[in-house]
Amino acid sequence: MIGRKTLNIGVVGYGFMGRTHSNAFLQAPRFFDLPYQPVLKAVCARNSERLKSFANTWGYESAETDWRKLVERADIDLIDIASPNDTHAEIAIAAARAGKMVMCEKPLGRNAAEAKAMTEAVESANVANMVWYNYRRVPAVVLLKHLIDDGRLGRIFHYRAKFLQDWTISQDLPQGGEGLWRLDVSVAGSGVTGDLLAHTIDTAMWLNGPIAEVSAMTETFVKQRKHNLTGQVEPVGIDDASAFLCRFQNGSLATFEATRYARGHKALYTLEINGEHASAMWDLHDLHRIQFFDHRDEGQLRGWRSIHVTDSDHPYMRRWWVPGLQIGYEHTFIHQAADFLEALSEGKQAAPTFRDGLATDLVTDAVLESAKTRQWEAPCT
Ligand code: SOE
């Protein structure tokens, strides 16, 4: 703590993401030399019993059951939104208006209209902002970004990404309520398009630039599910699977696919990029490696290399253990918190900003629109 300015954080939400974010704020200053010491000042959620236990587990100084109170508190510098998607816009806009910095779990809005209002709010209040697209902070993915930016792949021809899960296959699974709000379209905004494809789109645009147009299809395999809040069987409004073809502005062609109906796959996010000189592949289930093929290698020795991204000169890795020892999923959030705080001290904005989150929501909107119209659609600007 000595010599560091404190930054008081108010986190909204105590689910899966409330845990990843809390952990990130706690660990970031322990492993990175940061100018700020994040303080877990308050956590906010509706169920006061569970809230107390969450606050104790993570060492929060206080707890609130109304996010409006949290946003009004003078002792809070930053509001971090880790609650379901339907709460993002209202909280972020109120927080920005109250002059707080805002961090928000992905996707930024349930749709681009919400994301646009949120982006305008943080920009007109001139407050630091960030969206938690954590896979940008996997060391292997950052290494891939460096290789692309250094021109090692040359002109890019193809990009391919998939995010496959299987947890909603049972038709007995209800929709709505805690834990299952991702299946309720009024809360989530969309299904796998906003939840999973959004990750692949964020990484893709970061690595390969803006997307020019998309042609998509979506499917809802289970059309009705019991709703946990009403007890009634109700139509399912989310997309269970979503796939699209696209053209990037740099002329490369791409395919993207996300589903929660790929039996056996729990969180298989894979990406591949093919350039004139080299290709690279990454796989979330083997997240500390990239596979790299360079056609310019000496002919007889040419082949796919499996690079174990754990050396001290690899992105972020000198902050962790010793060369060769791996880190994992939670570290991507720690890196993101550290980058945010470092940029803050330099008066800079760490990416992905809300404007970057809006760019992703514009693409997911175009994907959903194209699936409806059966036409190519360009993300609106
Ligand atoms: C859905 O199951 C989910 O938890 C997403 O909401 C996360 O963003 C993704 O990283 C893992 O899968």
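Me: Which residue stands opposite Ala42, and in which strand?
Reply: Ala42 stands opposite Ser62 in E3, a strand being a DSSP run of type E with at least two residues, as a helix is one of type H or I with at least four, both numbered from the N terminus. This is a predicted model, in which local features need pLDDT of at least 70 and side-chain atom pairs count only at pLDDT 80 or more, while totals for chains, interfaces and linings use all residues. Residues are numbered from 1 along each chain as its sequence is written.

Me: What makes E2 and E3 a pair?
Reply: Pairing requires that DSSP find at least two bridges between two strands; 3 bridges join E2 (residues 36-44) to E3, so the two count as paired, and they run parallel.

Me: Why are E3 and E6 said to stand at the edges?
Reply: The open sheet has 6 strands in the order E3-E2-E1-E4-E5-E6, with parallel pairing. Strand E3 (62-64) and strand E6 (129-132) each have a single partner strand, so one side of each is left without a neighbour in the sheet. From one strand to the next, the twist averages 25°.

Me: What makes H1 a helix that packs on the sheet?
Reply: Contact means that C-beta atoms, placed from the backbone, lie within 7 Å, and H1 (residues 16-31) touches strand E1 (5-12), E2, strand E4 (78-81) and strand E5 (101-105). The direction of H1 makes about 155° with that of E2, where axes are lines fitted to C-alpha atoms, for helices over the stretch in contact, and angles between N-to-C directions run from 0 to 180 degrees. Helix H2 (residues 48-58) lies across E2 and E3, at about 165° to E2.

Methods: Two residues are in contact if their C-beta atoms, placed from the backbone, lie within 7 Å.
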